[in-house]
Amino acid sequence: MQQSLTTLTMSEGIVIIPTYNEIENIEGIIRAVFSLHKNFHVLIVDDNSPDGTAKVVRELKNQFPSLYLLERGAKAGLGSAYRAGFSWALD
């Protein structure tokens with residue numbers, strides 16, 4: 001799911017969180033970042049987690065309008081996930 005970055009211009013920054021099989025942690029991580037009361041945008045880069053991590057993120061998007069999800073087709077590694085996230089943010 002790609003989204004336009006034009007809405008990111010008013011934030012204090014973007015937090016990029018690569019994930020793979022993080023269903024047990026992802027909700028807590030997202031809530032912790034948004035509890036900082038800063039105007040962050042959060043981008044989750046999920047490498048096709050078979051445990052449903054992306055599904056949890058999609059459900060949380062209703063509560064957190066500044067939450068974005070970049071779903072990749074396969075596990076491609078941490079460095080690659082960060083590069084994809086940086087490219088997405090700079091696009």
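Visitor: At what angle do helix H1 and helix H2 pack?

Guide: Helices (H or I, at least four residues) and strands (E, at least two) are DSSP runs, numbered from the N terminus. Axes are lines fitted to C-alpha atoms, for helices over the stretch in contact, and angles run from 0 to 180 degrees between N-to-C directions. H1 covers residues 26-34 and H2 covers residues 53-60. Their axes are 10 Å apart, and the packing angle is about 35°.

Visitor: Which residues of H1 and H2 make the contact?

Guide: Contact means heavy atoms within 4.5 Å. From H1 come Ile-26, Glu-27, Ile-30 and Arg-31. From H2 come Thr-53, Val-56, Val-57 and Leu-60.

Visitor: How many residues of each class are in the contact of H1 with H2?

Guide: Ala, Val, Leu, Ile, Met, Phe, Trp, Tyr, Cys and Pro count as nonpolar, Asp, Glu, Lys and Arg as charged, and the others, Gly among them, as polar. For H1 with H2 the classes come to five nonpolar, one polar and two charged residues.

Visitor: What kind of model is this, and how are residues numbered?

Guide: Residue numbers start from 1 along each chain as its sequence is written, and side-chain values use heavy atoms, with hydrogens and water left out. Local features need pLDDT of at least 70, side-chain atom pairs count only at pLDDT 80 or more, and totals for chains, interfaces and linings use all residues, as the model is predicted.

Visitor: How many aromatic pairs does a search of the whole structure find?

Guide: Rings of Phe, Tyr and Trp (its six-membered ring) pair if their centres lie within 6.5 Å; planes under 30 degrees apart count as stacked, over 60 as edge-to-face and the rest as tilted. With that rule, the number of aromatic pairs found is three.

Visitor: Is the pair of Phe-34 and Phe-64 stacked or tilted?

Guide: Phe-34 is in helix H1, and Phe-64 is in the loop between H2 and strand E3 (67-71), 30 residues apart. The ring centres of Phe-34 and Phe-64 are 4.6 Å apart, with 5° between the planes. The pair is therefore under the limit of 30 degrees, and counts as stacked.

Visitor: Are Phe-34 and Phe-64 buried or exposed?

Guide: Buried means under 20% relative accessible area, exposed over 50%, partly exposed in between (1.4 Å probe, protein chains only). Phe-34 has 17% relative accessibility, and Phe-64 has 14%. Because these values fall under 20%, Phe-34 is buried and Phe-64 is buried.

Visitor: Why is the pair of Tyr-68 and Trp-88 called tilted?

Guide: Tyr-68 lies in strand E3 and Trp-88 in helix H3 (residues 78-90), 20 residues apart in sequence. Their ring centres are 5.3 Å apart. The planes are at 55°, so the pair is tilted.

Visitor: Which residue has its charged end over the ring of Tyr-68?

Guide: A charge sits over a ring if NZ of Lys or CZ of Arg is within 6 Å of the ring centre and within 35 degrees of the ring normal. Here the charged end is 5.5 Å from the centre of the Tyr-68 ring, and the residue is Lys-61.

Visitor: Is His-37 buried or exposed?

Guide: His-37 is found in the loop between H1 and strand E2 (40-46). It has a positive phi of about 55° although it is not a glycine. At 72% relative accessibility, His-37 counts as exposed.
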